[in-house]
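This briefing is intended for use beside the displayed sequence and coordinates.

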Amino acid sequence: MSDAFFYIFATLTLASAILVVANRNAVNSAVFMIVSFLGMASLFVLLEAYFLAVIQVLVYAGAVIVLFLFIIMLLDVKGGDRQKFRPVTAIATLAAAALLFTGVGVLYQAPSLAVAPPADPGVGASLKDFGALLFTRYLLPMQVTGFLLLIAMIGVIVLSKRFDASKQGPTA
Amino acid sequence: MSALPLSTLLPVIATISLNHYIAVAGMLFVIGFIGVLLRQNTLVIYMSLELMLNAATLAAVAFSRYNGTMDGNVFVFFIITVAAAEVAVGLAIIVALFRKRHTVQVEELGTLKN
């Protein structure tokens with residue numbers, strides 16, 4: 001039963017990821033990316049990481065995609081690519097993808113990975129443990145992350161200011 | 001309300017083993033990688049980068065679940081936070097670039113080439 005769910009959501013995630021890459025229209029790519037992120041959130045639920053599934057939907061399928069769509073429509077990019085890449089690019093891509101697929105295949109057949117999960121209830125399911133871990137063992141990374149968000153906010157404000165070519169530095 | 005283990009609702013992960021999740025994560029990474037290399041629209045390249053980042057988070061969550069520890073989950077939480085900050089800064093850079101050059105196609109942004 002849950003095996004079927006895994007295959008359904010994995011197929012959904014991978015198929016919409018392919019459509020993200022293959023679509024000529026950037027808006028369609030962004031919309032297929034929502035589907036891909038929702039499939040990923042479903043896989044998180046199957047892995048009993050409920051909090052991360054909620055975060056995935058809120059942050060990725062919500063905020064990030066809205067930002068992407070906003071920028072796509074703001075820039076109003078007409079048409080797609082010219083789909084005219086040089087042969088060396090295509091060859092390099094094929095070689096690298098084949099290498100990566102081989103690595104995945106080797107990983108897939110590794111006997112040490114063909115294990116069943118521990119039977120205890122989901123480790124990611126308990127929000128209390130999650131919060132306790134964040135504020136004890138991972139307190140420093142937590143604060144660094146908060147500071148990183150502040151830096152990102154300041155950086156975006158500076159980048160978004162209009163630059164006047166006649167003057168040195170940003171003008172308001 | 002205490003957290004409800006999914007195993008009480010469904011016979012969870014009866015035969016799905018860790019390598020299934022690793023295979024899905026790997027394929028997702030490859031798809032994103034191909035997108036980064038082959039597409040010419042900067043915004044789509046950026047979306048493909050997000051796909052690759054998501055593949056890494058899926059692998060981390062799967063390892064965390066199959067090892068029975070919380071650490072992978074906490075790490076994915078940090079990855080998602082950093083990715084959100086990265087998207088905001090990156091899109092601001094793309095907008096600044098578009099203002100200056102009026103294009104987002106990487107083929108036309110070759111100032112540093114030679």
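Are H1(A) and H2(B) roughly parallel or roughly antiparallel to each other? In this predicted model, the axes of the two helices, H1(A) and H2(B), cross at roughly 155°. An angle over 145° counts as roughly antiparallel, and H1(A) and H2(B) are therefore roughly antiparallel to each other.

**Confidence of the prediction**

- The model is predicted, with an ipTM of 0.85 and a pTM of 0.85.
- Chain B has a mean pLDDT of 84, and 86% of its residues reach 70 or more.
- Among the elements of chain B, the lowest mean pLDDT, 90, belongs to helix H1 (residues 18-38), and the highest, 92, to helix H2 (residues 42-67).
- Where pLDDT is low, the predicted coordinates should not be read in detail.

**Overall make-up of the chains**

- Chain A contains 6 helices and 0 strands, and its pattern along the sequence is α-α-α-α-α-α.
- Chain B contains 3 helices and 0 strands, which run α-α-α from the N terminus on.
- Of the 172 residues of chain A, 34% count as buried; of the 114 residues of chain B, 58% do.
- In chain A, 53% of the contacts with a separation of 6 or more are accounted for by residues 24 or more positions apart.
- In chain B, 59% of the contacts between residues at least 6 apart in sequence join residues at least 24 apart.

**Packing of H1(A) with H2(A)**

- Helix H1 (residues 2-22) and helix H2 (residues 26-46) of chain A have axes that come within 8 Å and cross at roughly 155°.
- H1(A) and H2(A) are therefore roughly antiparallel to each other, and H1(A) passes H2(A) in a left-handed crossing.
- On the H1(A) side, the contact is made by Ser2(A), Phe5(A), Phe6(A), Phe9(A), Ala10(A), Leu12(A), Thr13(A), Ser16(A), Ala17(A), Leu19(A) and Val20(A).
- On the H2(A) side, the contact is made by Ser29(A), Phe32(A), Met33(A), Val35(A), Ser36(A), Gly39(A), Met40(A), Ser42(A), Leu43(A) and Leu46(A).
- The residues of this contact of H1(A) with H2(A) comprise 14 nonpolar, 7 polar and no charged.

**Packing of H2(A) with H3(A)**

- The axes of H2(A) and helix H3 (residues 50-75) of chain A come within 8 Å, crossing at roughly 175°.
- That angle makes H2(A) roughly antiparallel to H3(A).
- H2(A) contributes Ala26(A), Val27(A), Ala30(A), Met33(A), Ile34(A), Phe37(A), Leu38(A), Met40(A), Ala41(A), Phe44(A) and Val45(A) to the contact.
- These residues meet Tyr50(A), Leu52(A), Ala53(A), Gln56(A), Val57(A), Tyr60(A), Ala61(A), Ile65(A), Leu69(A), Ile72(A) and Met73(A) in H3(A).
- The contact of H2(A) with H3(A) divides into 21 nonpolar residues, 1 polar and no charged.
- Met33(A) and Met40(A) take part in the contact of H2(A) with H1(A) and also in that of H2(A) with H3(A).

- The axes of H1(A) and H2(B) come within 9 Å, and H1(A) passes H2(B) in a left-handed crossing.
- Ala17(A), Val20(A) and Val21(A) of H1(A) make this contact with Val44(B), Met47(B), Ser48(B) and Leu51(B) of H2(B).
- The residues of the contact of H1(A) with H2(B) divide into 6 nonpolar, 1 polar and no charged.
- Ala17(A) and Val20(A) belong to the contact of H1(A) with H2(B) and also to the contact of H1(A) with H2(A).
- Thr145(A) lies in helix H6 (residues 139-160) of chain A and, leaving aside its neighbours within four places in sequence, is in contact with Phe78(B) and Thr81(B).
- With a relative accessibility of 10%, Thr145(A) counts as buried, the cut-off being under 20%.

- Glu48(A), which is not a glycine, has a positive phi of about 60°.
- Glu48(A) is placed in the loop between H2 and H3 of chain A and counts as buried at 1% relative accessibility.
- His102(B), a residue other than glycine, has a positive phi near 55°.
- His102(B) lies in the segment after helix H3 (71-101) of chain B and counts as exposed at 59% relative accessibility.

Definitions and conventions. Residues numbered from 1 in each chain as written. Chains lettered and ligands numbered in written order. Predicted model: local features only at pLDDT ≥ 70, side-chain atom pairs only at ≥ 80, totals over all residues. Heavy atoms only, no water. pLDDT = per-residue confidence, 0-100. Helix = DSSP H or I, 4+ residues; strand = E, 2+ residues; numbered from the N terminus. Axes fitted to C-alpha atoms, helices over the stretch in contact; angles between N-to-C directions. Parallel < 35°, antiparallel > 145°, perpendicular 65-115°, else oblique. Left-handed = near helix turned anticlockwise from the far one by under 90°. Contact = heavy atoms within 4.5 Å. Nonpolar A, V, L, I, M, F, W, Y, C, P; charged D, E, K, R; others polar. Buried < 20%, exposed > 50% of the residue type's maximum accessible area, 1.4 Å probe, protein only.
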